[in-house]
Amino acid sequence: MEKGFVSLVLHAHLPYVRHPDFEEFMEERWLFEAITETYIPILRAFQDLERDNVPFKITMSITPPLMEMLDSNDLQDKYVRHMQKLIELAEKEVERTRTEHPRKHKMAKYYHQDFQDILHIFETENNRSLVKAFGHFQEKGNLEIITCNATHGFLPLMNRFPQAVRAQVTTGAKTYEKHLGVAPKGMWLAECGYTAGLDKYLAEENIRYFFVDSHGIWFAENPPRYGVYRPLLTENGVFVFGRDPESSEQVWSAEIGYPGDFRYREFYRDVGFDRELEYITPYIDRSGVRVNTGMKYHRVTGKNIDLGKKDFYDIDEARQAAKEHARDFALKKQAQLEGLHRAFDGVVPIVVAPFDAELFGHWWFEGPMFIENFFRELHTLDTVAPITPPEFIEQHVQSVQIATPADSTWGANGYNEVWINGSNDWVYPHLDELIVRMTELVHRHGNQNDAKKDRLLKQAMRELLLAQSSDWAFIMTTGTTVEYASNRTRQHVDRFLKIARWLDKGNMDEKTLASWEWLDKIFEDPDYNLYLKSS
Amino acid sequence: MAPKETLEQSKVSDLKEMARKKGIPGYYKMRKEELVEALDEKQGAPFDPGALQSFEKRMDANPRIFELRSMAKSLGISFKRSMKKKELKERIVRTLDKMKRVGSSAGSLGTRKVEKPVPPQPPREIPLPSSYKKDTLVGLPINPNWVFFYWDFAPQTVNLLEALEKQDRQMVLRVYDVTYIIFDRNNAHRVWEYPVQNGMKKFYVNVQMPNASYLAEIGYYDDARQFIPVLRSNLVRTPPNQFSEKKEERWVDLNSGEKLSLLSKGILTNPQVKNIGLSSMDIEHLEHFRQSITSGGGSWFSKPEKKRKGGSD
């Protein structure tokens with residue numbers, strides 16, 4: 001008899017980074033690395049579980065920009081080329097490590113095989129379509145794919161403009177439908193950013209549930225009797241699940257988190273940085289800037305150990321560690337859920353554990369093995385089982401508490417400061433002005449059976465949505481690749497303003513418009529009428 | 001960035017951490033003086049496109065070791081006689097690359113020392129309007145205790161404000177706590193005022209009360225010491241940071257649709273509120289994560305700016 005359920009939620013997202021006008025572009029590697037290190041290894045874990053008849057249930061948000069990128073032919077081509085080069089490097093590494101160290105050599109051979117397998121999974125097994133590959137597991141009932149607001153725009157700072165929030169939410173739902181053929185049941189709000197009233201827009205799109213961080217539930221307008229371990233129902237009839245802080249800490253804490261185990265792979269030692277420049281040049285960025293290749297030979301080794309003194313990695317030891325940690329996590333969930341079940345007098349609790357998907361595999365190399373083993377371990381336990389949020393609602397929610405969650409995000413300190421501070425506050429006057437102008441433009445020029453105006457309005461909408469990606473403000477806060485993020489914001493705002501001028505003046509530069517349609521090609525048919533309704 | 005003397009006084013472990021964050025290849029095997037030099041070098045030499053080109057040409061011509069040494073010398077790269085050709089080459093390439101980037105992204109390494117005048121570079125940054133020439137005053141919540149305001153003026157307002165300035169009238173940002181009231185301009189719970197200097201376009205206000213509503217006005221005082229508002233903001237609500245004090249639970253039965261209200265006994269799980277919103281990664285992790293996911297971006301890596309609160313710029 002199950003006394004409680006676990007819902008693992010992976011948020012897979014990358015900003016729309018696609019530069020078809022360049023043969024190679026450094027930031028496009030974000031996607032390639034995520035495919036190689038996270039998305040395909042997770043798929044492979046699902047395949048292994050499926051083969052072994054292990055019942056698993058997992059929820060994944062695949063955000064609209066990520067779906068659009070995974071579906072882009074030019075990025076798919078580039079990914080294949082990227083992998084071919086990586087395989088070539090691995091081949092060289094196999095030779096080179098032969099005389100260096102047996103464990104290095106073992107890993108080089110592993111990478112050589114693994115990269116080929118990954119390319120095979122991408123090209124041959126799935127015909128390059130990873131969205132469909134994940135869709136398969138949704139159809140089988142193991143995976144619940146949810147969407148996200150259109151470009152991962154940060155809604156709490158957009159809330160003054162219902163039309164802008166609606167454009168984000170509805171476009172997110174529509175994009176999901178375009179790629180998966182069905183409507184989404186759930187939505188991940190970018191950055192888990194909730195502010196009172198957002199549930200209304202979700203309800204309009206028949207989104208049945210979303211997530212907030214723990215304090216979004218704890219500080220809800222009415223005290224939530226069961227804390228984060230039962231969903232609440234918002235005023236507009238949408239279910240909301242809260243993040244379990246214990247699960248996050250067990251996986252993530254710098255002190256006690258699993259990824260810090262000494263047997264796991266060390267992220268910061270990569271042949272892209274370790275090999276001499278002449279040798280590695282063909283495999284790093286064309287500008288000669290060193291980048292991670294994904295080939296790494298060292299393990300964490302110990303706390304506060306100098307990177308130069310790291311020991312060699314052994315994947316079999318690491319696999320063992322991932323198994324132990326998966327067992328430990330499953331037992332902890334069991335104890336936690338049994339305790340909650342007692343405390344709740346038999347009311348069934350759910351532990352919701354959301355993570356950035358890219359944590360698993362990219363940052364924590366063994367993460368996908370951990371996930372796979374976690375489901376295997378859960379399968380051996382009688383009192384706990386995995387579940388998706390809609391299944392939990394259907395099977396275990398008879399009566400539900402109504403409450404408005406508190407404004408909250410999952411960013412550092414829990415509110416908006418990651419996305420609005422001295423490093424990035426300059427973007428908001430522009431983003432707000434663009435919303436106002438977009439609305440005016442649609443009123444003035446929309447729906448006039450004028451194909452040119454339609455094209456311009458659609459492209460203006462794309463530029464606005466792209467400018468709104470929370471990623472740019474986030475990057476400015478963290479200080480990495482700030483120039484890229486700042487330029488992306490500027491570029492989209494600039495293009496929008498030019499399009500707005502063309503619309504109002506009744507002229508346009510056809511060639512330039514066509515090039516922007518090609519470059520910023522997100523969302524095939526964005527519905528600009530969403531900006532008409534201002535309540 | 002730290003000047004060389006400061007670097008020289010730093011501990012090796014600190015230098016290594018700095019070098020790691022800057023993405024300096026092979027830093028973990030460097031000795032102290034190499035680290036100091038590599039970090040100092042990261043400050044970049046003054047940019048001279050002509051010289052850069054000639055250096056690049058010489059590098060392409062597969063220079064011999066003594067040529068490399070002389071190039072290194074003129075680039076101000078310190079090196080050891082024992083240094084291998086490969087290593088020296090790498091160091092020069094790195095410096096040239098750095099020079100290129102310093103030169104091409106004018107100002108992005110704000111604190112670098114410039115000894116020689118730098119030839120003006122066309123800005124690569126796409127310029128955006130500095131004003132949309134509309135009367136705007138917007139408040140955005142940051143967290144339970146801080147609100148951000150930004151503003152912009154229409155041309156006629158600019159004229160008005162300029163006229164006022166000539167009369168030595170100080171422009172003022174007024175912030176009202178209007179929680180749970182219908183504001184009539186005289187009934188705010190609390191009012192704060194901040195002088196608005198010419199050219200200021202934003203301000204962070206420490207409002208102190210979570211879960212409260214605020215409004216702001218920009219205006220000035222007339223001769224009768226009466227505050228005359230020129231612009232008013234939207235209503236901003238700060239998020240709560242503690243448990244609700246309400247004693248009511250509202251429930252609905254999903255089958256019957258029946259609703260009922262119960263007395264709340266608080267939260268059964270008695271949550272330990274710590275690390276609120278510690279995202280799936282804390283900020284330090286996030287930095288590393290993004291650094292890693294952006295790979296080569298490491299050399300552009302810098303500490304996130306501390307929140308600049310209660311001030312303006």
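Biologist: Two strands count as paired if DSSP finds at least two bridges between them. In what order do the three strands of the open sheet in chain B stand?

Modeller: This is a predicted model. In the open sheet of chain B, the pairing of the three strands is antiparallel. The edge strands, each pairing on one side only, are strand S1 (136–143) and strand S5 (202–206) of chain B. The order is S1-S2-S5.

Biologist: What is the average twist from one strand of this sheet to the next?

Modeller: The sheet is an open one of three strands in chain B. From one strand to the next, the twist averages 20 degrees.

Biologist: Which residue of S5(B) is the bridge partner of Tyr150(B)?

Modeller: Strand S2 (residues 146–152) of chain B and S5(B) pair in the antiparallel sense over five bridges. In S5(B), the partner of Tyr150(B) is Lys202(B).

Biologist: Which element gives the most residues to the side of chain A that touches chain B?

Modeller: The contact takes 86 residues from chain A and 75 residues from chain B. Among the elements of chain A that give two or more residues to this side are helix H1 (29–51), strand S10 (399–402) and helix H17 (470–478). With seven residues, the one that gives the most is H18(A).

Biologist: How many residues on that side of chain A are charged?

Modeller: The side of chain A that touches chain B has 86 residues. They divide into 38 nonpolar and 28 polar residues. The charged ones number 20.

Biologist: Which element gives the largest share of the largest nonpolar core?

Modeller: This core has 192 residues, and those with the most contacts inside it are Phe210(A), Ala460(A) and Phe149(B). Beyond its neighbours within four places in sequence, Phe210(A) is in contact with residues including Trp188(A), Leu202(A) and Val240(A). The largest share of the core is eleven residues, and they come from H1(A).

Biologist: Is Leu7(B) buried or exposed?

Modeller: Leu7(B) lies in helix H1 (residues 4–9) of chain B. A residue needs 20 or more other C-beta atoms within 10 Å to count as buried. Because Leu7(B) has 20 C-beta neighbours inside 10 Å, it counts as buried.

Biologist: How far apart in space are Leu7(B) and Glu33(B), C-alpha to C-alpha?

Modeller: In sequence, Leu7(B) and Glu33(B) are 26 residues apart. In space, the C-alpha to C-alpha distance is 9.5 Å.

Biologist: How far apart are the end C-alpha atoms of helix H16 (residues 451–467) of chain A?

Modeller: H16(A) has 17 residues, so at 1.5 Å a residue it should span 24 Å. The expected span is 1.5 Å times one less than the number of residues. The distance between the end C-alpha atoms agrees with this: 24 Å.

Biologist: How many residues of H16(A) are buried?

Modeller: H16(A) is mostly covered. The buried residues include Leu456(A), Ala460(A) and Leu464(A). What covers them includes helix H6 (162–180), helix H15 (427–445), helix H18 (482–505) and helix H19 (510–519) of chain A. Of the 17 residues in H16(A), the number buried is twelve.

Biologist: Why is H15(A) called largely enclosed, and how many of its residues are buried?

Modeller: The 19 residues of H15(A) should span 27 Å, and the end C-alpha atoms are 26 Å apart, which agrees. H15(A) is largely enclosed by the rest of the structure because most of its 19 residues are buried, namely 15.

Biologist: Is Asn449(A) buried or exposed?

Modeller: Asn449(A) is in the loop between H15 and H16 of chain A. Its phi is positive, about 55 degrees, although Asn449(A) is not a glycine. Because 6 other C-beta atoms lie within 10 Å, Asn449(A) is exposed.

Biologist: What is the phi of Arg185(B)?

Modeller: Most residues other than glycine have a negative phi. Arg185(B), in the loop between strand S3 (171–177) and strand S4 (190–196) of chain B, is partly exposed, with 14 other C-beta atoms within 10 Å. Although Arg185(B) is not a glycine, its phi is positive, at about 80 degrees.

Methods:
Residues numbered from 1 in each chain as written. Chains lettered and ligands numbered in written order. Predicted model: local features only at pLDDT ≥ 70, side-chain atom pairs only at ≥ 80, totals over all residues. Helix = DSSP H or I, 4+ residues; strand = E, 2+ residues; numbered from the N terminus. Contact = placed C-beta atoms within 7 Å. Nonpolar A, V, L, I, M, F, W, Y, C, P; charged D, E, K, R; others polar. Core = buried A, V, L, I, M, F, W, Y, C linked by C-beta atoms within 7 Å. Axes fitted to C-alpha atoms, helices over the stretch in contact; angles between N-to-C directions.
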